[in-house]
Amino acid sequence: MMWSNFFMQEEDRRRAAASRRRAQGQQNLGLTPELEGKIKLVLLLSSVGATLAVLSVGTEFWVELNTYKTNSSAVCDAAHLGLWKVCTKRLWQADVPVGRETCGPAELPGEANCTYFKFFTTGENTHIFQRTTKKEVNLAAAVVAVLGLVAAALGFLCIIMVLSKDAEFLLRVGAVCFGLSGLLLLASLEVFRHSVVALLQSGVPEPQAPRLTYEYSWSLGCGVAAGLILLVGGGCFLLFTLPSWPWGSLCPKRGSPTA
């Protein structure tokens with residue numbers, strides 16, 4: 001009787017240990033509350049970057065082109081453009097800040113004429129202040145920016161699947177998508193900068209072509225911020241996929257015994 005009780009107790013202990021191991025394994029399959037909170041926080045940060053990216057790509061205040069003021073005229077011309085369209089404005093020189101040699105800023109009230117670039121409709125180059133755009137460079141900047149938005153959308157889809165379906169393997173895919181989105185947006189800004197330089201240096205200006213200066217505006221600033229934020233978000237998601245044991249050995253918990 002004593003041996004039978006002993007074996008029964010041993011069997012109960014083995015079953016209890018196996019049940020604990022199975023329970024721990026099932027818990028490890030899902031996200032821990034701490035990791036889930038971190039993912040949601042970084043997802044919120046990435047959503048800010050994506051919002052700035054959409055705002056930047058959808059507006060036309062990437063760069064302002066300003067002509068120089070003339071003493072013989074009461075008006076002056078300015079323009080602002082983005083990836084998709086250009087807006088030319090005729091401003092009153094009386095509204096231009098005193099001491100400014102060029103016309104602008106373009107946000108001043110005046111007669112505006114906004115049109116989409118011709119290479120999106122008829123395939124032709126657009127003429128701005130007797131200068132010609134280089135449509136291949138402008139198209140490349142627009143395509144790269146759209147690809148960046150698509151990559152950000154795929155990143156959001158992957159992270160939402162991680163949170164809703166416990167598909168933790170998609171966390172690394174989402175990190176890559178967000179990082180790629182940030183890189184593509186920054187690349188689009190650089191290509192757009194080359195398109196502005198090509199516009200100002202397009203051939204030999206006609207004799208009546210006005211002198212121009214340019215300055216980057218707030219839409220481009222939103223694009224820079226969006227690219228950097230998405231890169232940071234992708235890096236954080238990638239860190240979440242790394243194993244925790246190297247960091248645990250370098251930073252032991254308080255109260256744990258150390259050698």
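Reader: Hi! Which residues line the largest cavity?
Author: In this predicted model, the largest cavity is lined by Leu81, Thr133, Lys134, Asn138, Ser195, Val196 and Leu199.

Reader: Nice. What volume does the largest cavity have?
Author: About 30 Å³. The structure holds one cavity of 30 Å³ or more.

Reader: And where does the largest share of its lining come from?
Author: From helix H4, residues 170-200, with three residues. By residue type, the lining divides into three nonpolar, three polar and one charged.

Reader: Thr133 is in that lining, and Thr126 touches Thr133 too. Is Thr126 buried or exposed?
Author: Thr126 is buried, because its relative accessible area is 7%, under the 20% cut-off. Thr126 sits in the loop between strand E4 (110-116) and strand E5 (127-128).

Reader: What else does Thr126 touch, leaving out residues up to four places away in sequence?
Author: Its contacts also include Phe117, Lys118, Phe119, Arg131 and Thr132. A polar atom of the Thr126 side chain lies 3.1 Å from the backbone nitrogen of Lys118.

Reader: Switching to charges: how many salt bridges are there?
Author: Five. One of them joins the side chains of Arg90 and Asp77, at 3.1 Å from N to O. Arg90 is in strand E3 (residues 85-92) and Asp77 in strand E2 (residues 75-81), so this pair ties together parts 13 residues apart in sequence.

Key
Residues are numbered from 1 along each chain as its sequence is written. This is a predicted model: local features need pLDDT of at least 70, side-chain atom pairs count only at pLDDT 80 or more; totals for chains, interfaces and linings use all residues. Side-chain values use heavy atoms; hydrogens and water are left out. Helices (H or I, at least four residues) and strands (E, at least two) are DSSP runs, numbered from the N terminus. Buried means under 20% relative accessible area, exposed over 50%, partly exposed in between (1.4 Å probe, protein chains only). A polar contact is a pair of N or O atoms within 3.5 Å; within protein, one must be able to donate a hydrogen and the other to accept it, and residues adjacent in sequence count only if both atoms are side-chain atoms. Contact means heavy atoms within 4.5 Å. On a 1 Å grid over the protein atoms alone, a cavity is a set of points where a 1.4 Å probe fits but cannot get out, and a pocket is an open set with protein on both sides within 12 Å along at least five of seven lines; lining residues have an atom within 4 Å of a point. Grid points are joined across faces, edges and corners, and a volume is the space filled by probe spheres set on the points. Ala, Val, Leu, Ile, Met, Phe, Trp, Tyr, Cys and Pro count as nonpolar, Asp, Glu, Lys and Arg as charged, and the others, Gly among them, as polar. A salt bridge is a side-chain nitrogen of Lys or Arg within 4 Å of a carboxyl oxygen of Asp or Glu.
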